[in-house]
Amino acid sequence: YKNNGIGSYSLDALSTHFEAMSDSLVALVLLSVGSGWTLPSDVLSSGGASSSSGFLNNLVCGLRNPASALTGGPAGMLAIGIIVAHASLAQWGRTYDEDFDVYSLENPPGRALMYFRISLGLAFLAGVASIRNGGRCPASLLPFLTKFAIVGISWFISLPFLSTFVASTLPYHRRHQAISAGSAFAQSCSIASLAWMFAADSDASAYHRLSKVQGKGDDLTDMAST
């Protein structure tokens, strides 16, 4: 910046793509956990599963087992699509302005990303609802799922809300700083929350007492026998 008053375009573009990749990974983890990843199979079983669409059923099963989704299938295609979409929108935004913020609503890429994030948020809520209402979910887990749904959807819609608020209240020259600070705060909170979900001990919540991350069995029967 001291040399030309602008800074390094390449480093700024790289930062944008790293941010897009981070958003993609957080979205994928939220979708996977929201669909039942790490929970015992007994919690996820549902008597109505056989009537589900084959594609949707394979998609949900893949999200519940991300490792197997890497070999292909609907969940693998969804993961690739989310990553490619974020990267493409980030690069598309770079063609408008060197100072373009990928979360801005001033250009088509920013608006497309906002609608995309809202769509993923709705899919996340549908996944959490399927666990709450379609399986044998223990009553002790329901409060955690409610809080997790609120936190998760807050992350998905935080940037669309922030971008809309900033675009309608702040002058143009102050929008980039506000959106950058707000997006960094939202990302930090989401990563801290996910770290707590995967790193906290088994007494932290009902989720942690059931989660397979804590080394429990594959179902409630296995857990009861240990």
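Tutor: Helices are DSSP runs (H or I, at least four residues) and strands are E runs of at least two, numbered from the N terminus. This is a predicted model: local features need pLDDT of at least 70, side-chain atom pairs count only at pLDDT 80 or more, and totals for chains, interfaces and linings use all residues. Residues are numbered from 1 along each chain as its sequence is written, and side-chain values use heavy atoms, without hydrogens and water.

Student: How far apart are F144 and F148 in helix 7?

Tutor: Four residues, so about one helical turn separates F144 and F148.

Student: Are they buried or exposed?

Tutor: F144 and F148 are both buried. Buried means under 20% relative accessible area, exposed over 50%, partly exposed in between (1.4 Å probe, protein chains only).

Student: What about the rings of W155 and F156?

Tutor: That pair is edge-to-face, because the centres are 5.1 Å apart and the planes at 75°. Rings of Phe, Tyr and Trp (its six-membered ring) pair with centres within 6.5 Å; planes under 30 degrees apart are stacked, over 60 edge-to-face, the rest tilted.

Student: How many aromatic pairs are there in the whole structure?

Tutor: Seven.

Student: And how are the F144 and F148 rings arranged?

Tutor: They are stacked, since their centres are 6.1 Å apart and their planes at 5°.

Student: Which residues form the aromatic cluster?

Tutor: F124, F144, F148, W155, F156, W196 and Y207.

Student: New topic. Where is L122?

Tutor: L122 sits in helix 6. L122 is exposed, because its relative accessible area is 55%.
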